[in-house]
Amino acid sequence: MAKRKLTKQQTTRIRQQQDKLRRQSKNEPSAADTQAGLLISHYGKTSLVETMQQDIITCINRPNLPPLVCGDHVIWQPGEKQNEGIIVAVNERKSELARPDNQGRKRIIAANIDQILVITAAKPELNEGLLDRYLVAAELTGITPVIIFNKTDLLSETEFTGYLQRLEEYQDIGYQVIFASCKRQHGLDELHHCLHGKTSIFVGQSGVGKSSLVNNLLPEANADTAEVSEATGKGQHTTTTARLYHLPGDEGELIDSPGIREFGLWQIDKAQLTNGFREFTGYAEQCKFRNCLHLNEPGCAIQQAVKEHKISGKRLDSYHRILASLGD
């Protein structure tokens, strides 16, 4: 008896059924079961994901996924309970901010960010070395950095003038610097304009006022705040994990990150470091030796530029300190 030839529709239907059975055997969701989402906060094995309908659900992460971070664009499927789900895939990141952890392993702080807002203040004391490390990280990852000097209300006119002069060096090499005060509502309009239409992250030492700025920009965020310790002069940790917030009117996204006292640079070699100091560009190409590290080598164009006051000696000293920390 001759076999009856299947129609094109029947063949397609059989293949779909076979694909479904294969997915079920592999425990893979079909495209109809999955949805896109935005990871707004991550807690170990679980994450908070914002759905396309702007609901917030708790998701567990598939074991085979890479480490997930705030700002990731993910694919998730509903779980057995309401407002629960499973993250099954993560989209490719356009950018990421990373640093080494205590064991020297890569720790990604946030993903898919357009700009890094480095929050500094007079209390705890402005740390140019830490600031320079953030700027190097931004330069080498192609993320735009902006410097925020917060808590200006704590300073006398003379003290404020001193900090203006210290930060003027950064303005002279092209960095945007915003002076802000939550108590006096100073600089917040400029900060709003800076954040417009971008995904930004607040980074900096504990106690510089990141969470206070978040609360002023987004009162509903209700981020925890704490005063600087009188005993140590250092900030106290209030934010324990990075969290993404939406600015009013869909004007952008803001990530508040935990404060830190040190910021290591991830996988940067000595040859790359020069590219992290934007004012060195051009001069480094004029050095006598191609592998010049701008220490005491003869014919170093950067050392000569410092002597001619074309490059800040403080910034070169900062470069040397970071260079020494990179090891061999």
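1. A polar contact here is a pair of N or O atoms within 3.5 Å, one able to donate a hydrogen and the other to accept it. Keep that cut-off in mind for Asn112. A polar atom of the Asn112 side chain lies 2.8 Å from the backbone oxygen of Gly71. Another backbone group is also involved: the nitrogen of Lys94 lies 2.9 Å from a polar atom of the Asn112 side chain. The model is predicted, and the values are computed from it.

2. Where does Asn112 sit? Its place is in the loop between strand E7 (106-111) and strand E8 (115-121). Asn112 counts as buried because its relative accessibility is 7%, and the cut-off for buried is under 20%. Leaving aside residues up to four places away in sequence, Asn112 touches Gly71, Asp72, His73, Glu92, Arg93, Lys94, Ser95 and Thr199.

3. Now the whole protein. There are eight helices and 13 strands. The chain has 328 residues, and 43% of them count as buried. Take the contacts between residues at least 6 apart in sequence: 62% of these join residues at least 24 apart. The accessible surface comes to about 18700 Å². Carbon and sulfur atoms account for 46% of that surface.

4. Strand E1 (residues 35-43) has two antiparallel partners to check. Six bridges join E1 to strand E2 (residues 46-51). Four bridges join E1 to strand E4 (residues 73-78). On the E2 side, His42 has Ser47 as its bridge partner. On the E4 side, Gln35 is partnered by Trp76. The hairpin of E1 and E2 has two residues between the strands, and Gly44 takes a positive phi near 60° there.

5. Follow the chain past E2 to Gln54. Gln54 lies in the loop between E2 and strand E3 (56-61). Its phi is positive, about 70°, although Gln54 is not a glycine. Most residues other than glycine have a negative phi. Is Gln54 buried or exposed? Gln54 is exposed, because its relative accessible area is 57% and the cut-off for exposed is over 50%.

6. The bond from Lys123 to Pro124 is cis, with omega near -5°. Most peptide bonds are trans. Pro124 has its place in the loop between E8 and H2.

7. Helix H3 (residues 157-172) has 16 residues. It reaches 22 Å from its first C-alpha to its last, close to the 22 Å expected at 1.5 Å a residue. H3 also has a kink of about 30°, centred on Arg166. Which residues of H3 are buried? Tyr163, Leu167 and Tyr170 are. An α-helix has 3.6 residues a turn, so residues three or four places apart point the same way. The cover over the buried residues of H3 includes helix H2 (128-141), strand E9 (144-150), strand E10 (176-179) and helix H8 (313-325). Just after H3, Gly174 takes a positive phi of about 105°.

8. A second hairpin is formed by strands E12 (residues 243-246) and E13 (residues 252-256). The two run antiparallel and are joined by four bridges. Leu244 stands opposite Ile255 in E13. Five residues lie between the strands, and Gly249 in this hairpin takes a positive phi near 70°.

9. The loop between helix H6 (270-273) and H7 holds Cys287. Cys287 counts as buried at 9% relative accessibility. Not counting residues up to four places away in sequence, Cys287 touches Cys292, His294, Gly299, Cys300, Ala301 and Ile302. Cys287 and Gln303 are 16 residues apart in sequence, and their C-alpha atoms are 9.3 Å apart.

10. His294 is also found in the loop between H6 and H7. Phi of His294 is near 65°, a positive value in a residue other than glycine. His294 is buried, with a relative accessible area of 2%. Its C-alpha is separated by 9.8 Å from that of Gln304, 10 residues away along the chain.

11. Gln304 lies in helix H7 (residues 301-307). Gln304 is partly exposed, because its relative accessible area is 38%. A polar contact of 3.0 Å joins the side chains of Gln304 and Glu308.

Note on methods:
Residues are numbered from 1 along each chain as its sequence is written. This is a predicted model: local features need pLDDT of at least 70, side-chain atom pairs count only at pLDDT 80 or more; totals for chains, interfaces and linings use all residues. Side-chain values use heavy atoms; hydrogens and water are left out. The expected span of a helix is 1.5 Å times one less than its number of residues. The bend at a residue is the angle between axes fitted to the seven residues ending there and the seven starting there. Buried means under 20% relative accessible area, exposed over 50%, partly exposed in between (1.4 Å probe, protein chains only). Contact means heavy atoms within 4.5 Å. Two strands pair if DSSP finds at least two bridges between them. Accessible areas come from the Shrake-Rupley method with a 1.4 Å probe; for residues, only the protein chains shown count as cover.
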